[in-house]
Amino acid sequence: MKPNGIASLVEFIEHVDSLRTKRFAKACLSGSKVSMSGNASGSFQIDNLDEEDFQSFLLGVRFLVQNNEKISVRNVCQLVDASRVDSKVFERINGARWKLNDFLDRETFPAPGEGEISFREYLETFLYGKYAHRSRKYQQRLDAWQKDQVQYLMLKLNFLVSLNVVLKCAGEIADALRDWISAEQNSIEGIVPPLPLREQRSPD
């Protein structure tokens with residue numbers, strides 16, 4: 001693999017590590033499930049969701065899902081496909097990519113007036129309808145969803161579940177790449193900086 005390819009893999013690993021330590025990831029994505037609760041006044045909220053931390057996280061996670069970014073999951077996996085990566089490492093990476101795509105393309109409960117849609121559509125609608133590179137198409141869809149607060153929060157939960165899977169699968173890919181680069185350190189030493197240890201990175 002060429003030096004700029006290795007550099008992209010290292011950048012991907014470091015980026016995923018930084019996302020793992022963000023406050024939103026620790027508060028909302030570290031448990032086994034994302035949940036919603038209500039109070040006596042009849043209002044509902046998503047548990048442990050701080051909107052400012054959430055937006056900070058999304059600014060970073062969009063690099064993993066936008067295919068015009070060199071460190072998107074898709075582009076990183078294509079770089080691995082074109083390289084002579086150890087077969088066991090390739091299986092780990094390809095397995096995580098397959099698991100992510102299989103989940104995102106799975107249909108879940110209906111959106112208002114639309115019938116069942118996939119987790120990928122929930123991800124794209126919230127991300128591009130409100131938080132990043134706003135699209136008129138997705139904004140209009142999100143506006144229709146927001147007419148019912150409780151239903152909207154249920155749909156937003158699907159968005160959070162999608163983010164959880166994106167981060168976990170990206171983490172599996174990053175860990176496999178970390179192991180491969182560490183094993184090949186002698187052949188690439190002097191070309192890329194040392195890989196960071198997740199345990200030594202401080203939260204934002």
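This report walks through the helix packing, the nonpolar core and the cysteines of a predicted model.

A few ground rules come before the tour. Residues are numbered from 1 along each chain as its sequence is written, and side-chain values use heavy atoms, leaving out hydrogens and water. Since the model is predicted, local features need pLDDT of at least 70 and side-chain atom pairs count only at pLDDT 80 or more, while totals for chains, interfaces and linings use all residues.

**The core**

Let's start inside. The largest nonpolar core has 59 residues. Such a core is a set of buried Ala, Val, Leu, Ile, Met, Phe, Trp, Tyr and Cys residues joined through side-chain atoms within 4.5 Å; buried means under 20% relative accessible area, exposed over 50%, and partly exposed in between, with a 1.4 Å probe and protein chains only. Among the residues with the most contacts inside this core are Phe 12, Trp 145 and Leu 177. Helix α8 (149–183) is one of the elements that give two or more residues to the core, and the largest share, 18 residues, comes from α8. Helices here are DSSP runs (H or I, at least four residues), numbered from the N terminus.

Leu 177 touches Leu 9, Phe 12, Ile 13, Val 76, Val 80 and Ile 93, leaving aside residues up to four places away in sequence. Contact means heavy atoms within 4.5 Å.

Ile 71 sits in the loop between α3 and α4. Its contacts include Phe 12, Phe 63, Leu 64 and Val 76. The C-alpha atoms of Ile 71 and Ile 13 are 9.1 Å apart, though 58 residues separate the two along the chain.

How many disulfides does a search of the whole structure find? It finds zero, a disulfide being a pair of cysteine sulfur atoms within 2.5 Å. The sulfur of Cys 77 has its closest cysteine sulfur in Cys 169, 10.0 Å away, so that is too far for a bond.

| Residue | Relative accessibility |
|---|---|
| Ile 71 | 3%, buried |
| Cys 77 | 1%, buried |
| Cys 169 | 2%, buried |

**Two helices crossing**

Helix α6 (residues 119–131) and helix α7 (residues 136–145) pack at about 105°, with axes 8 Å apart. They are therefore roughly perpendicular, a label for angles of 65 to 115 degrees. Residues that meet include Tyr 122 and Phe 126 in α6, and Leu 142 and Trp 145 in α7. By class, this contact has six nonpolar, three polar and four charged residues.

Key. Axes fitted to C-alpha atoms, helices over the stretch in contact; angles between N-to-C directions. Parallel < 35°, antiparallel > 145°, perpendicular 65-115°, else oblique. Nonpolar A, V, L, I, M, F, W, Y, C, P; charged D, E, K, R; others polar.
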